[in-house]
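Please walk through the fold below, beginning with the chain as a whole and then turning to particular helices.

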Amino acid sequence: EESILEAAMPSTTDNDVDNELSERERRARAAMARFGNKGEIVTTSSPLTAQEDAFIDDWKLVTPSEDDIDELIECITEAKESDNYDDKDAKAWAADLVDNVRNWRGLANADSDVVLAQLNNQNIQAETVERWIEVAQQRSIEEIMLEILDGDQDALDCLMDKAHSSTPKDLSFWYASPGMLLETLTKGDDEVKSCTWTESDVKRWASRAKIAVNTLPWLDLYLTPV
């Protein structure tokens, strides 16, 4: 099974490394721009314990409120399997959704029946819409992780490669053992050993990951393949 980040990122060959780096930088900037957007829709989470609350640092997971029809088109197009629809259909359906669903983060959070009710074409099957939502969730996970990590792409890469923890659910499991996570991230790489991450940093990341999973139940479905 393809990893969540692999599903969300372009494939890499020797000839497109520069393009991949540019794309990663773009995603990091986009995630942080959204995190700082005053028009975001703040979502609340289930209460955590008093001990966990000490590490929350007032962080909340937010769903961006800006319209992005291109993101919706991308999800609909990528999710196509044997369905008889084309790019023109994808653009029309995205136009039906954009006023309410708005972007792929909104689509990731949506219920398939609610999405179906907003489409003018009533011949679309629920299974088709569920694939759109799944693609949107895969696209959203990396953005959410970058928000948790304050846009630190190096930290995300290390979490994926060294700790097999590139989803909020995986990262949340480290809350009780931040020292072990920090050791895992910095082991065996001189360049990484010189990093400025601290045990408090990784504890904060894990606390935010717990908030994210409590806020959006669908995040509980995604684990990093070993």
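Of the contacts in the protein with a separation of 6 or more, 67% are between residues 24 or more positions apart, contact meaning heavy atoms within 4.5 Å. This is a predicted model, in which local features need pLDDT of at least 70 and side-chain atom pairs count only at pLDDT 80 or more, while totals for chains, interfaces and linings use all residues. Residues are numbered from 1 along each chain as its sequence is written, and side-chain values use heavy atoms, with hydrogens and water left out.

The secondary structure comes to 13 helices and two strands, these being DSSP runs numbered from the N terminus (helices H or I, at least four residues; strands E, at least two). Of the 226 residues in the protein, 49% are buried, that is, under 20% relative accessible area with a 1.4 Å probe, protein chains only.

Helix α4 (residues 69-78) has Asp68 as its N-terminal cap, with a side-chain oxygen 3.3 Å from the backbone nitrogen of Asp70. Within α4, the buried residues include Leu72, Ile73 and Ile76. The axes of α4 and helix α5 (residues 87-97) come within 9 Å and cross at roughly 130 degrees. The contact involves Ile69, Leu72, Ile73, Ile76 and Thr77 of α4, and, on α5, residues including Ala90, Trp93 and Leu97.

In helix α9 (residues 153-161), Gln153, Ala155, Leu156, Asp157, Cys158 and Leu159 are buried.

Definitions and conventions:
Buried means under 20% relative accessible area, exposed over 50%, partly exposed in between (1.4 Å probe, protein chains only). Axes are lines fitted to C-alpha atoms, for helices over the stretch in contact, and angles run from 0 to 180 degrees between N-to-C directions. A polar contact is a pair of N or O atoms within 3.5 Å; within protein, one must be able to donate a hydrogen and the other to accept it, and residues adjacent in sequence count only if both atoms are side-chain atoms.
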